[in-house]
Each structure stands twice: as structure tokens, then as C-alpha cells.
Amino acid sequence: MASSTNQMLKPLTTCINNAGNLEIGGCELTKLAELYGTPLYVLDEKTIRSVCNDYKKAFEKYPHIHMMYASKALCTSALTRILDEEGFGFDTVSAGEIYTVYKSGVDMRHVLFNGNNKSFEEISMALELGVGRISVDNFYELELISKAAQTKDKTVDILLRITPGIECHTHEYIQTGHLDSKFGFDLTQIDEAVELIQNKYKNIRLHGLHAHIGSQIFETGIYPDEIEILAKEIARLDEKFGLKLNEINIGGGLGVKYTQDDLPPSTYEVGELVINKLNEVIEKYNIEPPVVFLEPGRSIISTAGVTLYTVGSSKQVPHGTKYVALDGGMADNPRPSMYQAQYVAEVANKKQTETKEVVTLAGRYCESGDILIKDIELPELSTGDVICVYNTGAYNYSMASNYNRVQKPAMVLVNDGKAELIIERENLDDLIAHDIIPDRLKK
Ligand code: LLP
């Protein structure tokens with residue numbers, strides 16, 4: 001089976017140049033650090049386009065596939081443009097994500113709106129902008145959507161999100177398809193939802209079912225299992241209600257390679273399994289070939305991204321750990337402290353063959369738990385060295401905070417030796433921009 005870009009640890013343009021320095025997208029990382037400062041998020045355009053190509057090729061044998069990038073992994077206007085050019089639609093979960101894709105010029109019919117607690121305002125905005133599908137999560141939302149549609153005199157096109165009762169072996173915080181989940185309708189609640197749509201909410205048009213099992217998944221078997229359940233439900237709803245549903249959304253979740261031990265499956269393997277299973281259920285349940293939505297997030301953008309940090313202080317605990325402190329940490333990458341996520345790093349400005357030592361890369365934030373990488377072997381580090389942490393494209397910037405009132409980093413897009421700023425570094429005034437001092441406290 002062909003390998004795919006999500007199985008790589010580093011962006012595909014990563015190399016060591018003649019000067020012995022690390023390069024990505026033809027740009028020397030130390031130069032980027034000098035020009036734009038650190039911490040700095042770097043995105044490699046070739047890697048992004050290569051992943052898109054993998055997905056398109058892997059699923060080309062099934063004509064009714066719609067790739068919907070899960071924006072929550074990383075939502076920026078420039079990335080939205082690239083993925084729009086690649087023919088991807090967008091899975092969004094907030095007014096902010098919807099607004100970003102809208103302002104980036106995306107045809108809003110190619111946008112899906114997900115989430116377990118969408119507000120009336122967000123739903124109204126989605127309807128106003130003509131979002132293609134809303135994936136409805138619960139009974140409360142059915143009513144809310146119907147009301148919002150009524151005020152706009154519109155009909156809403158929806159999917160019902162269900163919890164199929166499939167568990168996957170990933171961190172429990174990022175499992176979503178198991179029965180005791182906050183997301184979606186339980187299988188036993190679908191009929192009631194359908195009856196409400198048929199009899200009460202006449203301005204809601206149901207097109208199909210949606211499920212998402214979890215994230216950073218390595219078990220390919222969950223996709224066929226999920227398709228079996230979705231197809232069976234579609235056939236059952238046809239028999240019971242005469243409903244001709246022809247859309248299924250199988251979510252995202254494909255894993256990536258954060259460390260050498262991670263062996264995520266290739267998109268090609270998943271594509272083949274999914275297509276075989278689709279063909280099987282189409283025949284078995286005698287259903288029309290459904291339109292299939294896929295919502296990959298992490299696997300699209302994680303590998304393309306790295307974060308650059310500069311080494312500052314260090315501390316050798318007598319007979320213990322050597323801590324080397326970086327100028328970023330849990331506010332630009334909360335994943336290690338939140339999920340015990342592991343990462344690989346290299347020094348950008350030193351030969352990897354130099355004398356090595358085992359150190360712990362600590363963040364700059366006031367928390368003992370702010371450790372980016374524990375016990376990593378690196379060439380001996382000194383102040384000013386530039387560290388490159390791999391696979392930070394997904395769920396880093398998108399989960400970043402201003403903890404300790406530190407400005408969020410900038411992001412550059414690199415390609416063919418050119419670097420373009422796509423997110424500006426926040427400045428100190430950005431940090432106080434929304435502060436208000438009541439008159440009585442003013443000096
Ligand atoms: N579709 C739905 C309905 C989702 O909830 C998610 C992710 C995706 C698609 C995209 O899944 P992906 O392909 O990225 O695995 N912050 C966590 C990950 C949370 C994922 C939430 N839902 C992390 O950093 O690992």
C-alpha cells in the first residue's frame with residue numbers, strides 16, 4: 001500500500017543545507033527565527049498540498065466524496081485559501097470559523113456547521129451566509145434551528161449527528177463516538193428526531209447521518225464499522241419512515257506521526273477500506289450510493305507545521321534533570337500538558353552529529369507542568385540556539401492562549417525558498433485592546 005504524507009514525522013521539504021542548518025520549504029529556519037522572531041509557527045505549503053493530493057487520490061474511485069477540512073485543527077485565512085484551491089470544503093464549529101471561511105471567499109455551500117451547543121446567533125449567521133449543511137447534535141438544537149429558519153423564512157438542510165457506540169483507542173479526551181458522549185443523538189433517539197422533523201419542524205430538510213469517532217486514530221477498522229452502522233440506519237429509516245436519505249458524514253480522526261513509535265495508517269489504506277465498505281453496504285442494504293463527507297483536520301495540517309523556539313536559560317538539577325527553557329510552551333502548544341502528547345525536536349543551527357546530551361525542554365509559563373518534551377537527546381544546547389519542534393500544525397495555534405499575558409506567535413507559510421507572513425505576531429497593545437478601566441478607577 002502506498003505511503004502517504006500523514007505518515008511522515010517532518011514536512012516533506014525538510015533537509016539540512018550545505019551550512020549544516022535545517023531548512024523547510026527552502027527557507028533556513030535560523031533565518032526565519034531571526035526575521036520573524038520566536039516562537040514562530042512555520043507551515044510548509046508543499047506538505048499541505050501533498051496531503052490534499054493523497055486524500056483526493058485515495059478516494060478518487062468513489063465519485064460522491066466531499067472532503068471537508070475540519071477547521072478546528074487550524075483556521076487561518078491563508079490556509080483556507082489553499083484548501084479552497086485544492087477543492088476542499090470546510091467543517092466549521094463556530095461563528096469565528098464560519099466568518100473566516102466566508103471572508104476568505106469560500107462558496108458557503110461547501111461549508112458544514114457542527115457543534116454540540118450552537119447558539120441562536122451562530123445558527124442565524126450560518127443561515128444568512130448560506131452554509132451548505134448543519135449537523136444537528138440534539139433535540140434542543142432542532143427547535144433552535146427551526147426557529148432561526150422561521151425568522152428568515154428559509155428551509156434548512158441538515159444531517160443528524162449520532163453516537164454510533166464505537167470506541168477507539170486514543171486519549172479519552174479526544175474520543176467522541178462512544179455511547180456516553182456529549183455529542184450527538186443516541187441511536188435510540190433517532191426515530192423521535194425524525195418524527196419531529198416530519199411532523200413539527202417542516203422547515204428542516206433531513207439529508208443524512210453524521211458520526212465522528214475520535215481523533216488521532218490508528219485503527220482503520222473503525223471506519224467500516226461506522227459505515228455499517230450509518231448505512232443500516234439509513235436503510236431502517238427508509239423502511240420505517242419512507243425516508244430516502246442519501247448522505248453520510250463519517251467524520252475525521254486519521255492519526256499522524258508525532259514520534260518514531262507512531263505508525264498511523266496511510267490515507268490510501270483508509271480510502272480503500274472505506275470504498276470497499278461503501279460498495280458492500282450499498283449492495284447489502286440496497287441503498288442509493290450515498291454522498292460521503294469526510295472531515296479530516298489533524299491529518300491535513302499537522303505534518304506541515306513546525307514551531308521554532310529560542311533557547312534561553314537552563315538549569316541542571318544536581319544529580320537530576322537538565323531543564324532547558326524555551327521562549328514558548330503551553331500557551332502556544334497546550335497538547336503536552338493537556339494530553340501528555342509527545343513531540344520530536346531538533347536543533348536548527350547545529351550539526352546533529354555534535355556531542356549529545358539528554359535534556360528536558362521546558363516552557364516559559366508559570367506552571368510546573370509546562371514541559372514541551374521530556375528527556376530528549378539533542379546536541380549540547382546553548383542560549384540562542386533555535387529549536388524546531390515537529391508536527392505542530394494541528395491543534396497548536398488553534399488552541400493557543402494568552403496565558404501569562406504573552407502575545408500569540410506569528411505564522412509564516414514557506415514554499416520554494418520564500419516565506420510569507422500569514423499571521424502577525426500579537427503586540428502588547430493587542431493584549432490590552434479589550435480591557436476597560438471603569439471611570440472611577442482611572443488615574
Ligand atoms: N469532525 C468532528 C465532528 C470533530 O469533532 C473533529 C475533531 C474532527 C472532525 C477532526 O478530527 P481530526 O481529523 O482532526 O482528528 N484538540 C485535540 C483534538 C480534538 C479533536 C476534536 N474534534 C488534540 O489536540 O488532540
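**Close-up views of a predicted model**

**View A. Residue I134 lies in strand β8, which covers residues 133-136.** Strands are DSSP runs of E with at least two residues, helices are DSSP runs of H or I with at least four residues, and both are numbered from the N terminus. The structure is a predicted model, in which local features need a pLDDT of at least 70 and side-chain atom pairs count only at pLDDT 80 or more, while totals for chains, interfaces and linings use all residues. Residues are numbered from 1 along each chain as its sequence is written, and side-chain values use heavy atoms, with hydrogens and water left out. I134 has a relative accessible area of 2% and is therefore buried. Here, buried means under 20% relative accessible area, exposed means over 50%, and partly exposed means in between, with a 1.4 Å probe and protein chains only. From the C-alpha atom of I134 to that of V93 the separation is 9.9 Å, although the two residues are 41 residues apart along the chain.

**View B. The side chain of D91 is joined to that of N114 by a polar contact of 2.8 Å.** A polar contact is a pair of N or O atoms within 3.5 Å; within protein, one atom must be able to donate a hydrogen and the other to accept it, and residues adjacent in sequence count only if both atoms are side-chain atoms. D91 belongs to strand β6, made of residues 89-92. With a relative accessible area of 1%, D91 is buried.

**View C. The peptide bond from T38 to P39 is cis, and its omega is near -5 degrees.** Most peptide bonds are trans. P39 is placed in the loop that runs between α1 (29-36) and β4 (40-44). V42 is located in strand β4. This residue, V42, is buried, as its relative accessible area is 2%. In sequence V42 and V347 are 305 residues apart, and in space their C-alpha atoms are 15 Å apart.

**View D. D153 and D416 are residues other than glycine with a positive phi.** Most residues other than glycine have a negative phi. For D153, phi is near 55 degrees, and the residue sits in the loop between α6 (139-152) and β9 (156-163). Its relative accessible area of 74% makes D153 exposed.

**View E. K418 is found in strand β21, residues 418-423.** A relative accessible area of 51% makes K418 exposed. The C-alpha atoms of K418 and G26 are separated by 7.1 Å, while 392 residues along the chain lie between their positions in the numbering. Q407 lies in the loop between β19 (386-390) and β20. At 27% relative accessibility, Q407 counts as partly exposed. The C-alpha atom of Q407 is separated by 6.9 Å from that of L431, a residue 24 residues apart from Q407 along the chain.

**View F. The ligand is surrounded by 18 residues.** A residue is near a molecule if one of its heavy atoms lies within 4 Å of it. The closest residues are S215, E295, R298, R335 and Y395. Oxygen atoms of the ligand lie 2.8 Å from a polar backbone atom of G297 and 2.7 Å from a polar backbone atom of R298. A nitrogen atom of the ligand is 2.8 Å from an N or O atom in the side chain of Y339. Taken alone, the ligand exposes 580 Å², and the protein buries 92% of that. Such accessible areas come from the Shrake-Rupley method with a 1.4 Å probe; for residues, only the protein chains shown count as cover.

**View G. The shell around the ligand holds six nonpolar, six polar and six charged residues.** Ala, Val, Leu, Ile, Met, Phe, Trp, Tyr, Cys and Pro count as nonpolar, Asp, Glu, Lys and Arg as charged, and the others, Gly among them, as polar. Because domain 1 (5-43 + 303-432) and domain 2 (45-301) both contribute residues to the shell, the ligand lies between them. The domain bounds come from an automatic or database domain assignment.
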